[in-house]
Amino acid sequence: MMMLTCLKWKRKTPVSAFTELPLSKSTVPISHEVVHTEPVEPSPAPWVNRNHPSDVVLDRIIAQVYVDDTVFGATSEKLVNNFTKLMESEFEMSMVGELTYFLGLQVKQCTDGIFICQSKYAKDLVKKFRLDNAKKARTPMCSKARINADSSGKSVDEKTYRSMIGSLLYLTASRPDIAFNVGLCARFQAKPKESHHKAVQRIIKYVNSTIDHGLWYSRQDLVEDGILKLTYCPTEHQLADLLTKPLDSPRFEFLRKSIGIGPQD
């Protein structure tokens with residue numbers, strides 16, 4: 001698994017058009033400006049050549065650019081150092097280091113895997129809607145819940161309801177266990193009723209009971225190492241049910257744990 005690194009940068013000198021850096025035989029655009037560079041001989045660095053997909057190598061680097069922040073991961077320390085030097089030659093770096101926080105995502109990188117959560121964001125969300133002292137819920141939705149348009153129900157404030165939905169949608173980045181329930185309640189943002197509001201409140205109460213939960217990505221290949229074995233999956237173990245229907249507490253908690261959502265050990 002890749003070790004993730006974060007860069008914060010700004011252009012040293014203004015240039016025009018768009019930026020391309022020479023990486024082996026091809027170039028990889030990294031922003032919306034241009035720097036003209038002299039042709040270079042292909043280096044022995046193990047880049048993946050996008051013009052020749054057959055030239056596949058084991059080591060690779062993947063970068064994500066968001067405004068003046070760049071998050072990148074590489075399968076070797078040499079690639080990390082090479083990419084950092086390339087960026088430093090064109091941009092002023094105000095921060096270079098291991099990724100720990102990015103756009104509300106908290107990232108903890110360990111020797112055996114990566115844990116990603118939004119516990120700070122989740123705490124602020126619960127407090128924002130004044131449910132931090134409310135009774136907590138074991139699941140985001142009752143297994144017998146039937147959410148519909150409820151045209152005869154009492155209307156609630158659309159602005160508040162949409163704010164609740166929007167806040168929860170961002171939390172699904174690290175909490176797919178609430179994705180189905182939030183998506184279901186999001187259908188009624190045009191004319192939300194009291195029943196819809198109560199359903200969203202329950203989701204937030206569930207979030208409050210699982211503040212420290214997040215996603216665990218193991219560095220271990222569980223299949224190749226014999227820890228997991230590919231086999232027939234019975235109905236009660238179908239992970240898709242977590243994302244498509246309300247479930248009772250025991251089954252919900254079992255499936256949630258199966259996809260790696262929980263507190264860090």
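## Close-up views of a predicted model

**View 1. Helix H4 passes helix H5 in a left-handed crossing.** Left-handed here says that the near helix is turned anticlockwise from the far one by less than a right angle, with clockwise giving right-handed. This is a predicted model, in which local features need pLDDT of at least 70, side-chain atom pairs count only at pLDDT 80 or more, and totals for chains, interfaces and linings use all residues. Residues are numbered from 1 along each chain as its sequence is written, and side-chain values use heavy atoms, leaving out hydrogens and water. H4 spans residues 179-186 and H5 residues 194-209; they pack at an angle of about 155°, their axes 10 Å apart. The axes are lines fitted to C-alpha atoms over the stretch in contact, and angles run from 0 to 180 degrees between N-to-C directions. The two helices, H4 and H5, are therefore roughly antiparallel, a term for angles over 145 degrees. Helices (H or I, at least four residues) and strands (E, at least two) are DSSP runs, numbered from the N terminus.

**View 2. Here are the residues where H4 and H5 meet.** From H4 come Asn181, Val182 and Cys185, and from H5 come Ala199, Val200 and Ile203; contact means heavy atoms within 4.5 Å. Sorted by class, the contact of H4 with H5 has five nonpolar residues, one polar and no charged ones. In this scheme Ala, Val, Leu, Ile, Met, Phe, Trp, Tyr, Cys and Pro are nonpolar, Asp, Glu, Lys and Arg are charged, and the others, Gly among them, are polar.

**View 3. Five strands form an open sheet in the order E7-E8-E9-E10-E11.** Their pairing is antiparallel, and two strands pair if DSSP finds at least two bridges between them. E7 and E11 (261-263) stand at the edges with a single partner strand each, so one side of each has no neighbour in the sheet. Further in, five bridges join E9 (residues 113-117) to E10 (residues 213-218). Have a look at Phe115, whose bridge partner in E10 is Trp216.

**View 4. Leu103 has a positive phi of about 50°, although it is not a glycine.** Leu103 sits in the loop between strands E7 (101-102) and E8 (105-110). With 38% relative accessibility, Leu103 counts as partly exposed; buried means under 20% relative accessible area, exposed over 50%, and partly exposed in between (1.4 Å probe, protein chains only).

**View 5. Arg130, also not a glycine, has a positive phi of about 55°.** Its loop runs between helix H2 (119-128) and helix H3 (158-171). Arg130 counts as exposed at 75% relative accessibility.

Technical notes: Angles under 35 degrees count as roughly parallel, over 145 as roughly antiparallel, 65 to 115 as roughly perpendicular and the rest as oblique.
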